[in-house]
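Please walk me through this model in a viewer, one selection at a time. I would like to know what to pick and what is there.

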Amino acid sequence: MAGLTLDNVTKIFDDDGEEIVAVDDVSIDIDDGEFLVLVGPSGCGKSTTLRMIAGLEEISEGEIRLGETVMNDIPPTKRNVAMVFQSYALYPHMTVRENMAFGLEESTDMPDDEIDMRVEEAAELLGIPELLERPPSDLSGGQQQRVALGRAIVRDPEVFLMDEPLANLDAKLRAEMRTELQQLQEDLGVTTVYVTHNQVEAMTMSDRVAILNDGILQQCATPLECYHQPNNLFVAGFIGEPSMNFFDAERQGSTLVTDDFEYELSEETISSLGGETDLVFGIRPEDVTLKSAVESNHDYRTVVDVVEPMGDENVVHLVFEGNEVSEDDLFTAVLDGMKSVDAKQNLVAEFPEEAIHLFDRKSGEALRNRELEAAESPPVR
Ligand code: ATP
């Protein structure tokens, strides 16, 4: 087993003479046994990164190392990595057993009885031993995905590479497989790079999340760090559903002035801003406190536009009192699902200072994030 290093890795495609920088100077150290999720919007370079690790795409600049070994020029079949794709790509004319054994038969000179043993062990691990003699056409989507995983497991690789492996499954099965896959990875202890554009998968499955945008690594940190301490506006807006609320703000002395409200800053917050005055004010919907009366200078009169009852919580879309209701003027708060709230209701929204984020408007860089409370709180007993 070994850790995996991406060292200033760049991939430039030539598209009819036009250079496309798909991955731009990305460096990540992935620990031995770590589960790293690569996440980002469509076209951000996730699959290209994974394909470079697999050896299916040449690296334009930089180095990929497995342990101490530079992988750049090692052909895919010699890399000891196993890839699982979104499409299961099972051979329809072969049984599950034959599908799982095929890669080993083709690319190694392993004796048949050892291959058989590995296939049976993997089938046991995945809870599918009774399916071994069936053809893929007789399997459900979830079972087919297990077989595709089994095919990767039997190779006993040093690294698993997974490209949206759960994307074809329905929501319930996807949630089940998420937990199963995470458990399996932990049991096997194999370094894993998992690509998805689904942020729930990124947050729930990973040890660390690497967030890409336009081929550039925006942040690589634990899910909680990315959530509470985003490096920049992109990460703050990408992670979290519903998204963080943003307001353009100008600092005038100790006051932030936005089109909708004025916000008094403490000395401590001002000191984190390094003199910047062109800012973006951010607050997560769940950090907005809704109440009935104005009590502090961080409280604002609002009107409820729409309520989305989700059961456990209400997603409340609000507009500042006196504003027209337009897409740009709405912001979101999350309220306990048992509390009743109606459209047109007047409410006061509080933006507690400990929960606010402030970003440099020009660079997007975070100047002030909320404290990571979870790290400091005692564990729940
Ligand atoms: P998705 O979530 O949609 O799969 P992705 O994040 O995996 O997207 P990539 O497939 O890595 O993104 O693509 C990154 C960029 O590189 C895109 O702009 C894409 O159009 C471009 N690209 C990918 N492969 C090639 C290629 N063979 N030739 C030219 N451009 C390519």
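Predicted model: local features only at pLDDT ≥ 70, side-chain atom pairs only at ≥ 80, totals over all residues.

**Tour by selection**

Start with Phe234: its relative accessibility is 23%, so the residue counts as partly exposed.

Phe238 has a relative accessible area of 19% and is buried, because the cut-off for buried is under 20%. Both residues belong to helix α8 (residues 233-238), where being four residues apart puts about one helical turn between Phe234 and Phe238.

Now show the rings. The structure holds 20 aromatic pairs. In the pair of Phe234 and Phe238, the ring centres are 5.6 Å apart and the planes lie at 15°, so this pair is stacked; planes under 30 degrees apart count as such.

Tyr300 is in strand β16 (residues 299-309) and Phe320 is in strand β17 (residues 313-320), so their pairing ties together parts 20 residues apart in sequence. Colour both by accessibility: Tyr300 is buried at 9%, and Phe320 is buried at 3%.

For a contact of another kind, select Arg284 and Tyr227. The charged end of Arg284 sits over the ring of Tyr227, at 4.0 Å from the ring centre.

Then switch to a cartoon view and pick residues 96-107 and residues 112-125, which are helix α2 and helix α3. How are the two helices placed? They pack at an angle of about 130°, and their axes are 10 Å apart. α2 and α3 are therefore oblique to each other. The crossing in which α2 passes α3 is right-handed.

Last, select residues 4-239. UniProt lists this range as "domain: ABC transporter", in an unreviewed entry. Over the range, the chain is 36% helix and 28% strand.

Methods: Residues numbered from 1 in each chain as written. Heavy atoms only, no water. UniProt positions renumbered as here; feature names shortened; annotations may be inferred. Phe/Tyr/Trp six-rings, centres within 6.5 Å; stacked < 30°, edge-to-face > 60°. Buried < 20%, exposed > 50% of the residue type's maximum accessible area, 1.4 Å probe, protein only. Lys NZ or Arg CZ within 6 Å of the ring centre and 35° of its normal. Axes fitted to C-alpha atoms, helices over the stretch in contact; angles between N-to-C directions. Parallel < 35°, antiparallel > 145°, perpendicular 65-115°, else oblique. Left-handed = near helix turned anticlockwise from the far one by under 90°.
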